[in-house]
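Please look through the notes below with the structure open beside you.

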Amino acid sequence: MSESSAGRTVSGEDEVVDLCRDLIRIDTSNYGDHSGPGERKAAEWVAEKLAEVGLEPQIFESHKGRASTVARIEGEDPSRPALLIHGHTDVVPVNAADWTYDPFAGEIADGCVWGRGAVDMKDMDAMTLAVVRDRMRSGRKPPRDIVLAFLADEEAGGLYGARHLVDKHPGLFEGVTEAIGEVGGFSFTVNENLRLYLVETAQKGMHWMRLTVEGTAGHGSMTNNDNAITELCEAVGRLGRHQWPVRVTKTVRSFLDELSDALGTPLDPDNMDATLAKLGGIAKMVGATLRNSAAPTMLGAGYKVNVIPGQATAHVDGRFLPGYEDEFFADLDRILGPRVKREDVHGDKALETDFDGKIVDAMQSALKAEDPIARAVPYMLSGGTDAKSFDDLGIRCFGFAPLQLPPELDFAGMFHGVDERVPVDGLKFGVRVLDRFIDNA
């Protein structure tokens, strides 16, 4: 707690909602190209909020408008390894007409802050800022150095954000051994006596690819047994319908063991449909971590209805489990067949770390202090985050953006979805947990 310029006592909980709303109002839509409207504005806004409390933030612009903000907080014991807290400021584009409220207005309704980025991930950005500002105003140093990174371009792979900083400015992260970021620490209510908080300790790898089939061009009225569209569509159909085998990784095994104990019933990895049926709103998120996957997402061919084109293309979003990359590519090429040429569009590795150590103990104790029925458990994220870049520096990464959620909220559906929103009480809970976590991490 501290005093504002007006003499009123201000805490992180007081600020977090307005910080989240203000950040949502900066349109940082990332269209996956060189443009990043709003990212520079967001970086400057974050830098201003950090400078107001005595920090010396730096803004790094990797391309015109593609900007990230980094600052370092000195800890009580600078000899200890440092902690990285990272978040991204960009968001995926939105069709505003589909939304109940303006996605860039930061409206408060039904006990939630609504807007694009409310859970992915301007909520965590706001919680981090709220905690840091409160600690700086009240002179509460963290036990060890903390590096803060508010990053551009995560939604398109991080090339203009985390990847740029890791490649060009690695000294910013000197001494950092552990990190926390997005998509973890959210609650799943089992019953009135137990709430699980899923901490991300693993991520699937990604392989975005372009598929091409060359055929024989010709007139649409004539028989053509070498139609590129036909060949490609058959291959894409095989891929899209393929049932990838279940592969239970270390992290998923740990999660299932914890869940089995929580539910008081054994869970059979060979009958995952029954297991997922017990997971409610997080079933889709967890289900995607049980196997490799390849989802066709785009098709392209032709320029005129009576012309058979000589080439057809498709794009596929491929994801592979830690330890199963070779199997993924072997299965992929077998399914597609020899006529399909496969090219890389964007790829990144899978990650996995153990769910142990002082940092995990700090997560559990912070959660438990604010929610007596809390239990932290590890899980795997089916997507990817900027942790993939920081892993290259030997930093051990976790997803820990703590939120206590109403059981009925479809949290998984909020990511990149319509009517994205975060509970006001959840933001305040996250501030309290993060503050405690920093004291013990």
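1. The expected span of a helix is 1.5 Å times one less than its number of residues, and helices (H or I, at least four residues) and strands (E, at least two) are DSSP runs, numbered from the N terminus. This is a predicted model, in which local features need pLDDT of at least 70, side-chain atom pairs count only at pLDDT 80 or more, and totals for chains, interfaces and linings use all residues. Residues are numbered from 1 along each chain as its sequence is written, and side-chain values use heavy atoms, with hydrogens and water left out.

2. The protein chain has 13 helices and 21 strands, and its C-alpha atoms fill a box of roughly 80 × 55 × 45 Å, taken along the principal axes.

3. Of the 441 residues of the protein chain, 54% count as buried, where buried means under 20% relative accessible area, found with a 1.4 Å probe and protein chains only. Among contacts (heavy atoms within 4.5 Å) with a separation of 6 or more, 79% join residues 24 or more positions apart.

4. Which residues of H5 are buried? They are Ala 228, Leu 232, Ala 235, Val 236, Gly 237 and Leu 239. These buried residues pack against strands S12 (205–214), S14 (293–301) and S16 (311–320), and also against helix H9 (325–336).

Terms used: Buried < 20%, exposed > 50% of the residue type's maximum accessible area, 1.4 Å probe, protein only.
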